[in-house]
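Keep the model open beside you and find each residue as we come to it.

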Amino acid sequence: MDDLGEALRAQVEEAAARRTPLAIVGGASKGFFGRQAEGALLRLDGHRGVIDYEPTELVITARSGTPLAEIEAVLAEQRQMLAFEPPHFGMTATLGGAIACGLSGPRRPYAGAARDFVLGARIVNGQGEILRFGGQVMKNVAGYDVSRLMVGALGTLGVLLEVSLKVLPQPVAEMTLSRQCAPEQALDWLARWAGQPLPLSASCFVDDRLYVRLSGTATGVEAAQRAIGGDRIEAGGSFWRSIAEHTHPFFTTDATDRILWRLAVPAATPPLSPPGRWLLDWGGAQRWLYTEASSASIREAVEQVGGHAQQFRGGDRRAEVFHPLSAPLASVHRKLKAAFDPQGILNPGRLYRDW
Amino acid sequence: MSMRAASPNAIRRIDKDELVSAFLRLLPPAAVLHEAEDLRPYESDGLTAYRQVPLIVVLPDTLEQVRKILQLCHERQAPVVARGAGTGLSGGALPLANGVLLVMARFNRILDVDPLRRTATVQPGVRNLAISQAAAPFGLYYAPDPSSQIACTIGGNVAENSGGVHCLKYGLTVHNILEIKAFTIDGELLTIGGQALDAAGYDLLALFTGSEGMLAVTVEITVKLLPKPACVQVVLAAFDEVEKAGGAVAGIIAEGIIPAGLEMMDAPAIRAAEQFVHCGYPLDAQAILLCELDGTVEEVEEQIAQVQAVLDRCGATGIRIARDEEQRLQFWKGRKGAFPAMGRLAPDYYCMDGAIPRKRLPEVLRRISALSAEYGLPVANVFHAGDGNLHPLILFDANQPGELQRTEELGGRILELCVAVGGTITGEHGVGIEKIAQMCVQFQPAELEQFFAVKRVFDPLELLNPGKAVPTLHRCAEFGAMHVHHGHTPFPDLERF
Ligand SMILES: Cc1cc2nc3c(=O)[nH]c(=O)nc-3n(C[C@H](O)[C@H](O)[C@H](O)COP(=O)(O)OP(=O)(O)OC[C@H]3O[C@@H](n4cnc5c(N)ncnc54)[C@H](O)[C@@H]3O)c2cc1C
């Protein structure tokens with residue numbers, strides 16, 4: 001339980017005075033994520049501890065260096081959870097890293113993303129000022145929503161010191177169903193089921209099989225099973241963990257020197273053309289692809305259907321890895337960066353090359 | 001840290017005749033209002049205590065018109081206030097004497113409903129309820145349901161991040177939209193968010209939601225649609241103490257249940273509602289809870305039984321489960337009619353909107369009732385208990401000299417109480433002009449400066465809704481001085497966090 005807030009603030013202030021870029025690191029589990037960037041290390045792993053957790057308020061507040069595993073364990077004792085199922089990508093993953101990367105797991109299309117659960121944050125901006133936005137209440141519209149703006153910003157707008165998250169009860173019952181089918185058939189079913197009041201909580205298509213998770217009350221889950229059919233698989237929990245954590249054979253077989261792409265597309269988009277190995281996640285809204293196709297062709301294919309693509313693992317991390325922004329949006333991003341970090345010292349270049 | 005003076009744009013002189021003729025070159029005559037009697041209907045939004053006739057009202061109906069209006073205002077440095085239906089309760093759409101009121105109500109077309117993607121793409125002037133009506137044939141609906149949903153626009157909802165009675169389970173506006181298109185003051189069209197999830201770059205969609213018309217003018221919105229639940233049921237429970245009702249709320253959540261709606265009303269609110277709509281509320285109760293559960297038939301059955309057990313254990317003096325859909329709507333009618341019901345008890349009422357950690361509710365209600373006695377003004381409370389959003393309604397008579405001013409002062413102290421217990425001055429109605437002083441209580445100067453820095457990214461000349469939502473430090477200094485003058489710092493005896 002250590003509060004290093006003031007020391008971290010002072011480090012940022014000094015870096016700003018000297019204009020020294022800082023590379024912000026939590027548990028170093030997601031060093032692969034985003035662009036490769038250099039800077040003096042600003043370590044957050046010592047800044048840890050759950051500050052406040054009241055199960056019946058459905059809110060937890062913790063310092064950013066707190067291990068995600070610790071937070072999940074504290075919640076699990078009260079039969080609660082982080083409903084966006086953040087991927088850890090390693091034992092050392094911290095809360096701050098998870099929020100800064102803004103990644104969400106299998107439950108995302110049905111329960112919401114990391115940003116949907118952020119209620120408030122304390123940050124250090126690029127001028128070494130400690131600022132607090134949002135709070136520990138579910139509804140709060142005082143001032144601009146700066147705490148959600150931090151989610152997925154990869155630390156480029158501020159160093160996260162504390163985050164308050166909405167948490168949810170664990171479902172009483174979960175069941176995973178599986179069946180063989182073609183990808184077109186899987187996408188069609190998923191789109192149709194999502195339009196019905198079914199207790200879906202995860203769905204993916206891999207190796208010619210569709211997997212669906214149901215969560216809710218025991219009777220509700222059983223009724224839904226009767227409605228949609230499929231074979232029940234026993235190790236549902238570890239299956240979905242392997243999808244979230246990329247330990248499923250899809251991600252580990254023959255993947256070493258290839259690039260893993262993450263494509264986000266509108267729900268109900270048919271299979272896309274680039275050749276390669278595909279895993280369809282999030283009811284088809286998130287698609288993983290190992291391919292040798294060029295980035296240009298992937299970006300073009302995904303733009304045609306109104307989506308975006310990110311070079312998730314591997315490849316040239318000095319080029320852009322996130323989807324290029326339109327000119328007006330790029331300009332807004334640069335100005336926002338300057339509004340929070342006028343000296344450009346917070347993780348410069350980690351998100352986009354020029355800032 | 002620089003001290004900023006009050007926004008000069010809210011007071012700069014604008015040549016009205018010249019601006020009117022410039023607008024008439026862009027818009028048909030019927031879309032440019034400038035005579036006193038035409039402007040009068042726009043002098044206030046839902047917060048009628050504040051009134052200001054705008055300089056000019058424009059009513060565009062094409063995107064090109066909006067772009068040109070904004071470019072013209074930018075060029076002339078004329079301030080612009082956007083307006084949807086004008087149901088806002090914080091004066092966000094209050095016009096400026098030297099400003100243009102940009103009314104978006106004519107943008108009322110539903111552009112697309114896509115049942116497979118479960119989205120609707122609509123113009124900003126579309127009414128909230130109209131989206132659910134258009135989605136209904138597909139078994140879908142738009143979840144956020146403010147009580148004003150028959151009148152308020154989706155553009156206004158985005159600007160306020162509006163909620164409703166179902167947000168504990170289904171979220172606020174920010175959780176239920178995918179993409180917006182908006183013009184910045186210089187006429188640039190931004191597409192924010194996207195049709196796919198989690199757009200690249202910063203989460204500008206979150207930043208824009210709840211930004212109260214300060215950053216850009218929204219011209220198109222894609223919302224998410226949800227399947228209508230198969231089954232909905234409501235339980236009405238009565239309590240002889242507010243504490244017990246609060247305990248029951250915590251008890252239901254501790255059971256692992258997230259109700260679709262969880263509303264509380266205190267004794268004055270119960271009595272007013274019952275007299276007004278005869279909804280069957282127990283008149284001897286100190287508090288009632290309305291707990292709505294939805295899902296599959298099996299789920300709802302199971303959870304109703306669980307909730308009933310919790311309510312019993314927590315000392316409910318009466319529990320009723322709606323016997324049919326008619327009675328369910330009857331139970332809700334009292335809650336939904338609470339505001340107008342209060343309106344019958346006094347010539348005027350003033351609706352506050354604080355949010356607090358739920359566990360502090362009994363203490364907050366006690367302090368509100370002490371404040372109510374101190375000011376000699378009755379207060380009734382309706383409470384989105386699930387998510388801690390409190391709506392105290394202050395009853396007053398604006399025709400009594402000084403009563404409006406005392407009401408506002410009492411309201412301000414209630415909001416400061418919310419901050420003192422770890423909550424916020426506004427859960428869903430926005431800051432607008434109403435709570436601008438209390439922003440100084442909730443935020444430090446460096447935080448307010450950061451808000452201004454964000455504002456300047458989009459609107460460097462501060463022409464969009466100047467003077468709203470974020471107070472200048474100068475204004476906070478004045479407010480601080482006034483506070484000391486009135487002889488109370490807010491709740492010095494309460495622990496801050
Ligand atoms: C009886 C009653 C009940 C209510 N119940 C609820 C409730 O349950 N929950 C809740 O959250 N609110 C509630 N409200 C408040 C209000 O209805 C909401 O804030 C609503 O979202 C306002 O929508 P509007 O179209 O009337 O916006 P307006 O009042 O016209 O404007 C509100 C703000 O949005 C800005 N704005 C409007 N359109 C645009 C646009 N296109 N682009 C940029 N900015 C824009 C305006 O400048 C202003 O700042 C209630 C109000 C009333 C009168």
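1. Let's begin with a term. A polar contact is a pair of N or O atoms within 3.5 Å; within protein, one of the two must be able to donate a hydrogen and the other to accept it, and residues adjacent in sequence count only if both atoms are side-chain atoms. Please keep in mind that this is a predicted model. Between chain B and chain A, 22 residue pairs are in polar contact, both partners having pLDDT 80 or more.

2. Next, which elements of chain B supply two or more residues to the side that touches chain A? They are α6 (167-170), β9 (189-193), α7 (204-208), α8 (242-254), α10 (297-313), α15 (436-442) and α16 (445-458) of chain B. The most comes from α16(B), with 9 residues.

3. Now the extent of the contact. Chain B brings 81 residues to it and chain A brings 76 residues. About 6,300 Å² is buried between the two chains, and 62% of that is on carbon and sulfur atoms. In chain B, the residues that lose the most area to chain A are B:Leu197, B:Tyr202 and B:Gln450, which together make up 13% of what that side buries.

4. Please find B:Asp203, in the loop between β9 and α7 of chain B. Is this residue buried or exposed? With a relative accessible area of 14%, B:Asp203 is buried. A polar atom of its side chain lies 3.0 Å from the backbone nitrogen of B:Ala206. Setting aside neighbours within four places in sequence, B:Asp203 is in contact with A:Arg115, A:Arg148, A:Leu149 and A:Val151.

5. Over in chain A, look at A:Val146, which sits in helix α6 (residues 146-149) of that chain. A:Val146 counts as buried because its relative accessibility is 1%, under the cut-off of 20%. If residues up to four places away in sequence are left out, A:Val146 touches A:Phe133, A:Phe340 and B:Phe451.

6. How many disulfides does the structure hold over all chains? There is 1. This disulfide joins B:Cys440 to B:Cys476, with 2.1 Å from S to S. The torsion about the S-S bond is about -80°, so the disulfide is left-handed. B:Cys440 lies in helix α15 of chain B and B:Cys476 in helix α17 (residues 473-486) of chain B, so the pair links distant parts of the chain, 36 residues apart. B:Cys440 is buried at 17% relative accessible area, and B:Cys476 is buried at 13%.

7. B:Cys418 counts as buried, with 1% relative accessibility.

Conventions. Residues numbered from 1 in each chain as written. Chains lettered and ligands numbered in written order. Predicted model: local features only at pLDDT ≥ 70, side-chain atom pairs only at ≥ 80, totals over all residues. Heavy atoms only, no water. Contact = heavy atoms within 4.5 Å. Buried area = accessible area lost by both parts, 1.4 Å probe. Helix = DSSP H or I, 4+ residues; strand = E, 2+ residues; numbered from the N terminus. Disulfide = S-S within 2.5 Å. Buried < 20%, exposed > 50% of the residue type's maximum accessible area, 1.4 Å probe, protein only.
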